[in-house]
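Have a look at the sequence and the model, then read on.

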Amino acid sequence: MVLGTYKEVVAARSTDKQIQKLAQDGGIVSGLFCYALDEKLIDGAVVAGPSDVMWKPEPMVAMSSDEILAAAGTKYTFSPNVWMLKKAVRQYGLEKLGTVAIPCQSMGIRKMQSYPFGVRHLADKIALMLGIFCMENFPYESLRTFISEKAGVDFDLVEKMDIGKGKFWIQTADQMLTIPLKETHGYEQNGCKVCLDYVCELADVSTGSVGTPDGWSTVFVRTDAGETIFKQAVEAGVIETKSMDDVKPGLGLLEKLATDKKTKAMKVIDERKAMGLPVPYKGSGEKEDPLANV
Amino acid sequence: MSILARIKSFLGMEAKPDKDASKEEVEKVAEEKAKPRIGYIHLSGCTGDGMSLTENYDILAPLLTDMIDIVYGQTLVDLWEMPEMDIALVEGSCCLQDEHSLHELKEVREKAGLVVAFGSCAATGCFTRYSRGGQQAQPNHESFVPIADLVKVDLAIPGCPPSPEIIAKTVVAAINGDMDYLAPMMDLAGYTEACGCDLQTKVVNQALCIGCGTCAMACQTRALSMTNGRPELNENRCIKCGICYTQCPRSWWPADRIKQDLGL
């Protein structure tokens, strides 16, 4: 259960060459949203779009494939996408909304759906939630600091960032720089330290890079809604899949990283409880599975 | 039973035990079980919470006619004497200078099994927190408090107004005796001193904020925005309804219910 409940897990990538070029990994989020828009399964999606400031995403409502693609690629800082959901329904008038979410955002959305206290006629408009694996997130100034100071590269020249194989990778037009991940510790967002979800356990479909080779993504199909749309996209040839057993490093690494994140967070949760600090999760002694996201 | 099933499926509240019971048994129970008597009490509120109840368009008629009896309510029922009730939905805060309101609230507590603070005025005081008297025709009507300051409140449904969905979900859960679903609302009955600044003191100051934006999305007056991944409060717009902190995924976390709702 360290990877949450799911119906199926596969290695997958978008078959669209343009998406492959722009995407962080296998282009699963871009590919599925573009497909869902084309098939009118959603009428728009809240994504982390570009802003006036380099590498500082801003939530936006994308209603065309071009707008979806403009948001492709990981930005390692905050994009409060949940904020935009109400606007998407009220001001854009969308009835079937897609949204991309990291685990904590998926928690905000799912809680709102189960307990919609002040959010009238919104809970049932979320038609497709695509979740992204997330180990931690960084405040914008943290990101800027370790890229400009530790890697010594002008922030504006960065073309892609990635975390993998123990390193933070920074790609510019003519070089690839790395910072050992250890050196980014201490720059993470504090709220991430009690997070018990690595692989976005509450999304309809969740995806991320770990477990599969470059250019591919690991994909968990979780809910009925997620299964329907993912199967359709595969049948339509928009997404191609491989068995996880046939790719390296495979599920084992994912299980290890998820366990590490949860074990570390559980320790922080227990420490906070011992100090009397608030934390919305149960302590390790209060639940059957100490690594469950409760 | 088909109506109950329809309502439950609308609300995503499929009750598992029903599936095992035979159809006849379920119908028999439905017939035998008396419909809960629900009252609607209007204190210093705007009727917006009552309006929100009626916005359950698709299910309102079966809900009102087949699942519950509305036995009292000034805008709904022509009855002056307050009867015994299973559930009383109390809208509005209570004015300490208005004896009639005080009397009515005490009477509700005596006559109702479950007293529900219905909407943020009843639950947290909401924008009657800004009342300070000095207006015609009752310049001394100055002090308005959430009803839990005066009587024991069993459940709070904050929201200005609460969404139609949460009202329906709460009523259905109360009918079914689904105490797991109601547990957070029982806890919220103690959350009376609400403010947008709770996000700062109870979430950001406590190293819990993750910048998701749920608070800013939930805010019903757009008093919140997100700046550098943290909520920023425009105090002049905040009406102290408590919705931002209530919807924050880091205030309380109903993991089991969410997994049940998603079929995970």
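## What covers α9(B)

The buried residues of α9(B) are covered by, among others, α5 (103–114) of chain A, along with β7 (155–157), α8, α12 (243–247) and α13 (255–262) of chain B. Here helices (H or I, at least four residues) and strands (E, at least two) are DSSP runs, numbered from the N terminus.

A word on the ground rules: this is a predicted model, where local features need pLDDT of at least 70, side-chain atom pairs count only at pLDDT 80 or more, and totals for chains, interfaces and linings use all residues. Residues are numbered from 1 along each chain as its sequence is written, chains are lettered from A and ligands numbered from 1 in the order in which they are written, and side-chain values use heavy atoms, with hydrogens and water left out.

Which residues of α9(B) are buried? They are B:Y181, B:L182, B:P184, B:M185 and B:L188, where buried means under 20% relative accessible area, exposed over 50%, and partly exposed in between (1.4 Å probe, protein chains only). Looking down the axis of α9(B), you find its buried residues within an arc of 145°, so they line one face of the helix. That arc is taken from the directions from the helix axis to the C-beta atoms.

Turned away from the buried side is a face of α9(B) with the exposed residues B:D180 and B:D187.

## How α8(B) meets α9(B)

Helix α8 (residues 164–176) of chain B packs against helix α9 (residues 179–188) of chain B at an angle of about 120°, and their axes are 9 Å apart. Axes are lines fitted to C-alpha atoms, for helices over the stretch in contact, and angles run from 0 to 180 degrees between N-to-C directions. α8(B) and α9(B) are therefore oblique to each other; angles under 35 degrees count as roughly parallel, over 145 as roughly antiparallel, 65 to 115 as roughly perpendicular and the rest as oblique.

On the α8(B) side, the contact (heavy atoms within 4.5 Å) is made by B:I166, B:K169, B:T170, B:A173 and B:A174, while α9(B) brings B:Y181, B:L182 and B:M185.

B:T246 sits in helix α12 of chain B. With 1% relative accessibility, B:T246 counts as buried. Beyond its neighbours within four places in sequence, B:T246 touches A:K111 and A:F117, plus B:P158, B:L188, B:Y191, B:S251 and B:W252.
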